[in-house]
Amino acid sequence: MSDTCKKLSTVIAVLGLIALVVGLFFAGNKIYWIVGIVLGTIASLIKVYMLERTLDKAVDMDPKNANNYTRANYTMRLVVSVVFSLFCLFS
């Protein structure tokens with residue numbers, strides 16, 4: 001993992017922790033708040049890792065293949081967002 005990815009992951013985790021703690025003072029249902037923040041933080045970390053892998057691989061490809069590859073991986077990151085959102089919505 002690159003230094004940038006490590007720093008970004010650290011910032012996401014710290015902001016998730018801050019949001020978790022601050023939100024506990026205001027949330028009506030604390031369990032839902034905790035689950036939402038934890039799942040959102042996990043989804044963000046997964047998407048950052050996926051993005052780094054995508055860009056690392058796409059750099060070594062020819063432009064047409066790199067374009068197709070990055071579009072396909074963008075769709076996968078979008079699917080991760082939708083799945084985590086639907087899980088939070090229906091749980």
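## Basis of the model

Residues are numbered from 1 along each chain as its sequence is written, and side-chain values use heavy atoms, leaving out hydrogens and water. In this predicted model, local features need pLDDT of at least 70 and side-chain atom pairs count only at pLDDT 80 or more, whereas totals for chains, interfaces and linings use all residues.

## Packing of the helices

Helices are DSSP runs of H or I with at least four residues, numbered from the N terminus. Axes are lines fitted to C-alpha atoms over the stretch in contact, and angles run from 0 to 180 degrees between N-to-C directions. The axes of α1 and α2 are 10 Å apart, at an angle of about 170°. These two helices are therefore roughly antiparallel (angles over 145 degrees). Their contact (heavy atoms within 4.5 Å) includes Cys5 and Leu8 of α1 and Trp33 and Ile34 of α2.

Helix α2 (residues 30-59) and helix α3 (residues 63-90) have axes that come within 10 Å and cross at roughly 175°. This makes α2 roughly antiparallel to α3.

## Arg77

Arg77 belongs to helix α3. Its relative accessible area is 14%, so Arg77 is buried (under 20%, with a 1.4 Å probe and protein chains only). Beyond its neighbours within four places in sequence, Arg77 contacts Lys47, Met50, Leu51 and Thr54.

## Leu17

Leu17 is placed in helix α1 (residues 3-24). Leu17 is exposed because its relative accessible area is 53%, and exposed means over 50%.

Terms used:
Angles under 35 degrees count as roughly parallel, over 145 as roughly antiparallel, 65 to 115 as roughly perpendicular and the rest as oblique.
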